[in-house]
Structure formats: structure tokens, C-alpha cells
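Have the sequence and the model open side by side for this one.

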Amino acid sequence: MSDSKATPGIAITADLLGADFFTLLGLPKRFELDIASLDERFRQLQREVHPDRFAAADDAARRASMMLATQINAAYQTLRSPLKRATYLLEQAGIDIGAESNTAMSPDFLMSQMMWREQVADARGEKHLAELERLQSEIAHDIRDAYSDLATLLDKENRTHDAVEGVRRLMFLEKLREEIEDAVFALEDL
Amino acid sequence: MALLQIAEPGQSPLPHETRHAIGIDLGTTNSLVASVRQGMSHVMNDAEGRALVPSVVRYMEDGKVLVGYDALKSIAKDPKNTIASVKRLMGRSITDIAHRENLPLDLVDNPGMVSVKTRQGVKTPVEVSAEILRVLNERAQQTLKQDIVGAVITVPAYFDDAQRQATKDAARLAGLNVLRLLNEPTAAAVAYGLDNSAEGVYAVYDLGGGTFDISILRLTRGVFEVLATGGDSALGGDDFDRRIYCWVLEQAQLKSPPTIEDTALLLLRSREAKEYLSTHPEAPITARLASGEVLDVTIDMATFAEISQTLVSKTLQPVKKTLRDAGLRPEDIQGVVMVGGATRIPLIQRAVGEFFKQEPLNNLDPDKVVALGAAIQANLLAGNRAPGEDWLLLDVIPLSLGLETMGGLVEKVIPRNSTLPVARAQEFTTYRDGQTAMMVHVVQGERELVDDCRSLARFELRGIPPMVAGAARIRVTFQVDADGLLSVTAREQTTGVEAHVEVKPSYGLSDDQITGMLKASVDHAKDDAQTRALKETQVDAQRLIEAVRSALLEDRHLLNEKEFQLIESDIVKLQTASLSGNRRQITIAMDDLDADCKEFAGRRMNQAVNRALAGKSIDSVEEAIQDLHQTVNAPVKEKK
């Protein structure tokens, strides 16, 4: 394939190992990113450095290839998830999300969370699949909006403090989405 | 063993320098060997033109060992010395073996891995498998008339670390250089994908003799990316044979119970009937039993469908779960590749077709497709990369890896379906004041309790400097290589003390107990949550007791005898409650102890403040107060 010729044998150096995930994957350091080019870059890089390419090489090259392939996998996993990507961006800017210790959230948000949870619990208890699916699409909608707000805060307005708040809200929302998915999956299985 | 020559990656050697590597499908029922010759993957046949080697090994009286058809012939005559389906025993302990009461073998409960008693002595599954691999290796050498640089051996995607290690050891024992362990569905996808230049998302449904795997892969311009994998390592074609066998016994109403020989014979007849039913509406089953009684029944397709329906739906559960792990729905799947002889069963073809709403793909022989793919990968790893043959496999780890934390709970470090190679680090801390060593217990599985997961290795990190409980920072790093094999390092961050273990032939320890861990984790999710809550409360209780004990040791003089007795009796009550397993009782006892310690804690605080004020700065006073918080109050409320 021609594209592997275009990137002739990436030099496996300590620099690349220590590079941040965006640099490693050759992408601009921002929240909004083109998933298709992320996927493509990931595959391209693994094509070059994966241990299978070094099966017959010496020990040092094999070890380096494994370390770099590991790092590329980690970078890809982090950047592909918007929540992990936002957290990573903030961490890179020296901000600790402090997800566990700092729990001061706006009362309105917490109240709406509680209501969500009650609705989900009720629907689950009544085995009400249609209601769960309605909640599922509603939360998907909220999550989409929240990410698009986050993109504005991070990429355009550089309001990192507000972005932290946004990330922490999204942690709640994603968790809730997972719970709803679990409930739907359990019901569909019956 | 021949040394590997070192070639520049990507460089294709000259044609006459082709280094031969082979692909081996080491199956539960049958095994095969294949290699790439003149750019095409071929399965190698024996002198009689047969590709399959039945995975059966017979230990003879004269010390000889028969493998394959020769061994299969005598399975009913000499069942105790003729071992079939040894793959089901690989890396397992005796309690892991499903239907062991139906096995005609003399199993020996060796610590680590179950073994089989034969007339040639006790044989481990690794040794038995090595006999099969030796035969395949010889066949390859005779066919290629050249040295073989190495082999790719396939394993079920769902094999855990112990089963993978056992397979690798068997290959070494057979004198093979293992280039890579490759997951069976991935191998099938390679053979299928390269053959059809496919693009898009594919499912591989692989029902072998003894294992079931489902993998979802994305094929994009030569990259085979496994998105998710799942399955059941104790479900396969054998189970369909057993259903027929049970049905036959029910129909026949034998006058005397079947002997071991009868069982072996009837299982064989059941398998033949199953295979016959794939192309005929009914199958006769006749057998002369040891008692002289002649058994003669006929099973039709409808009956077979009825008795095996639950097995078919049992395969669809992991399919649904794996699709969900990949974040996909059945309609997102472009094609379903069928692998394994058992997928010839029309009932399975139909069920899979209905589930994915499309005809499954059968254009490669389901018995051979895995070996063909393994050979293609072996050829690539040996450095015979043909120009334009630029493809890559990105596989995943099938089961989560984690560590045991206090109370027998599992902290997951690497989640299942992470792309390989993968490394993850997590920090842990000490539980007791002055603790200088920490046991690192590595487990694999999806459940929340250590007892329900497979134990892979234990090692100890020693030389931690004595610190207050919770102050040490121990970083445990897991690294899983491209074979899916694990190594673990633990390091205390402040001092750099380090311990390391390659998770090598441990085959799990004697406390291994699990089959189908993933499935069970769904069934038991609720139990787990309750048990987990109880365990956590028990840990909290122990922490509180430790903390109070250590405070008493230092400052008992601050209490009068009556106060001291009260606290002591609270501790005893808490211990009793903790053993009772009643979470509410534990909480009440903890509250009591906490309340009766309040005054004590206050006095200790005063004492510390007074001591500190005697010529010390404000900072150190605060430090002293914080220390006290940690030893008296904090352990109960500390982060989990």
C-alpha cells in the first residue's frame, strides 16, 4: 500500500515516547477533532510500529516497538472518547479535574440528576422498555449539547474553569447513560 | 532451535530465501497445519490425503504413543488411555472441568492443572497437546522438506492467561518456536478478509469442538482491528454430542447401566449422528454394548433441533453482549463468517442468519479457515512480506485484568477489549501502620470478587519503608504483549523499591474455580453488588479496629480502666459482628466503637497539641493534628 511508503520508517525515539497524545497522533491540540483522521492516523502509525513488524528484529527494537505501540494505543483510547479527551486536555493545561474530592455541583444540576435517576429506576422497575428508550434518546440529546458547549469553552473561549464544571457534569451524564443502556440491554434480553 | 535471522522490518527477502513458518489450529476435536507456498495458504494433508488430525492421543502398552485417526479408532476399546478433547483441560484445575463425570478419563487433581492418569503414567494436558503438535510439526517438515523457523498457534479468543501459557508451553515441549499465539476468530478473519479483499465490520462466529468465540472486527485497508470479543470457553460441538447421547440413553432404557467403554462408543455414535443430520433428515444410531445388548434408535432433525435449542441460544447471549461492547447493533454487521465444524449444523446456520438478518458466509471450509489464516500470519511474521501485502492485526485482551484489594475485592486495571499491546498503571496504598510488605495478587475475569475470578499470579513487594496506613504510594503496572501475555511490576513511589513478575507457568493456583467467567458476571451482578457492599463494610470495620488498636498501644495511659474495658468490649463486639456477615450489625457496632472513642480521640488531640506547642511552630501543630485524624478517625472514612 502506498501510504506506508509515504511515512518511511518512523524513527522510534525517546522523544516520541514522551510526546503528548495529540503530537503522537499528529493532530492539533484541541477538543474538536475529526474522528476519521484520528482513526486513519492511528492505523497508519500502528502499521509502522506494531510489534508484528519487528517479529524478526533484535531485542531492543522489539522492546521499543512494543512501548511505542502501547503508547499509541493509549493515546488513541484517550482521544477517541470525548470525555477522556477533555479531561486529558485540561490535565495537560495543568488543571486537576478532582472528580472525586471536589463535589460542589450546582443544586439545579444535582436536582435534575436525582429526577433522572428516579425516572430510570421507575422505568426499570416496571420493565417499561419504551420509556427507557425515550430516556435514552433524551440523555443522548443532552450529552450532545453538553459536548458542544464544552467544545466552545475549550477551543474558542479558553474558559478552562467552566470547562472543568462541564467535564464533571458529563461524567454524571455518561454514567447515567450507561445505567440506562444496562437497563435496556437487560430488558431486551428477556 | 535455529536462531532467527534478523531482517529489516518490511524488507522482503529474495524468493529463494523464503523462511518457512507454519500455522497450526490446535483444536478440541481436530487439529490442522498449514503454510503459505507460492503466495497461497494451503493445508497440509497426510499420505492418505486427509487434512484433519483428530485431536486424540492414545498411550500404548509398549510405550508407543498414537495420535490422530489411529488413536481415534480405539477410543471405545481403550477409553482410559485414549485422550480426546484435551484442549478442555488446558490450564484448568479439576473443578473447572464441565461434565467431568461424563469423561471416561482418570483425572488427577494436580495443584495448578488437572492431569490424566494413563498406563504410561500421569500426563499433563500440556504433554498430551505436545504429542499432537509433534505430529503436525513432522507433517510440515516432511511436506516442506525444510527447516521451519516458527509457528503461529491459534487459541480461542476467550482463552485466559493460564490457558494461553499452557498452549505456548505445549508448543515449546514439541520443539516448536512460537512466533505468536493468534486468536482463532482473528485468524479466520485474516483468511477470509484477505481472500475476499473485504472492507467494513464483520462478525466471526466460531463454534469449535469445545469452545465458542464471537469476535467483531473492522477491516480497513489491510488493518484488521478487533473491536470486541466474547464467548464461552466451555461450550462447543461436544455439547451437542452429549445432548444426543443423553437422548439415546433415555430412548433405549438399557437393562444395565452403560460401562465406560459403552459411554465412549455412544458419544462417538452421537457425534456421527450429529454430522449425518447436517445433510440428512434422520440418522440411525446402532451400537452393541458390553452387556451384549444391541441399541438401535433413529433420531430425526426435529428432535435434534428440540434437544439442542438451548445450546444454540446459549451462543447468542455472548453475541449480543459482544456487539454491545463494540457499540454496534446486528444491522451494522456487513458479514458473518462461520468457523468451526459445528457451524455446519443447519439449526445454527438458521439461528445466526435470523439474528443478523443475513445469510452467514460459508465460502471457506469452516474446518480449515483458522489454520489457513494462522499460516498467513506466520508467513508474515517470518519476514516473508510480499510487496503489496501490507496488512496488520490489532487484537484485544478478552478478559479484564486486575488486582486483589482488601476484603477480596478486585480492582480492574486493564478492562477487557483493550487493544494490544497495552499497559496500565494504578496506585495502591498500605492498609496498616508500619506495613513493610504488600502482596500483589493478579487476577483475570469480570466479576467483582477475587474468588470468582481466575488467579494468575501472586508476588510480594517488600522493603516498603514503615509509614502511616495510607501514606505509601505503590504503583502497579500491567503490561500485556501482542500474544496477550501479561507481566506485572510493582514499585513504591517514594523509595523506588520494586518487584516484578512475568506471569509465567502459574496455570492459576489451586483456588482457581471458574468457567465462563463473563457469563457468570452478568448472572451474578446483583449478588456481587451486595457482597461487595458487605466486604467493603468488613474492610472498614477492620480498618477502624486497626486504628483504635494502634492508638491504644501508644496512648492507653489517657484512659482509665473502665474506659479502656468499654473500648475493648466494643472491639470484640465489632469483630463478632464482622464475622456474622450482617452488614447492619457491623455498621451499628462500628458506630458504637466510634462513639466510645470520641473522648479518647479528643484527649489524644490535646496531648499532641500540647506536645507540639512546647517549642514548635504552628505548621507542625497542624501536622500533628492531621496525623491524629489519620490514625483515629480517618481510616473509617478514607477513600475506598
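Two residues count as in contact here if their C-beta atoms, placed from the backbone, lie within 7 Å. This is a predicted model, in which local features need pLDDT of at least 70 and side-chain atom pairs count only at pLDDT 80 or more, while totals for chains, interfaces and linings use all residues. Residues are numbered from 1 along each chain as its sequence is written, and chains are lettered from A and ligands numbered from 1 in the order in which they are written.

Start with chain A. Among its contacts between residues at least 6 apart in sequence, 67% join residues at least 24 apart. Chain A has nine helices and zero strands; helices (H or I, at least four residues) and strands (E, at least two) are DSSP runs, numbered from the N terminus. Of the 190 residues in chain A, 27% are buried, meaning that 20 or more other C-beta atoms lie within 10 Å of the residue's own, with C-beta atoms placed from the backbone. As for pLDDT, the predictor's confidence in each residue from 0 to 100, chain A has a mean of 84, and 86% of its residues reach 70 or more. Residues 1-12 of chain A stay under 50, and the model has 15 contacts for them beyond four places in sequence.

Now for the cores. A nonpolar core is a set of buried Ala, Val, Leu, Ile, Met, Phe, Trp, Tyr and Cys residues joined through C-beta atoms within 7 Å. The largest one has 152 residues, and B:Ile22, B:Leu133 and B:Ala151 are among those with the most contacts inside it. Helix H9 of chain B (residues 369-381) gives the most to this core, with ten residues. A second, separate core of 26 residues includes A:Leu79 and A:Val164.

After H9(B) comes B:Gly383, with a positive phi near 95°.

Finally, where do the chains meet? The contact takes 25 residues from chain B and 20 residues from chain A. On the chain B side, S19(B) gives the most, with three residues.

Key: Buried ≥ 20, exposed ≤ 12 C-beta atoms within 10 Å, placed from the backbone.
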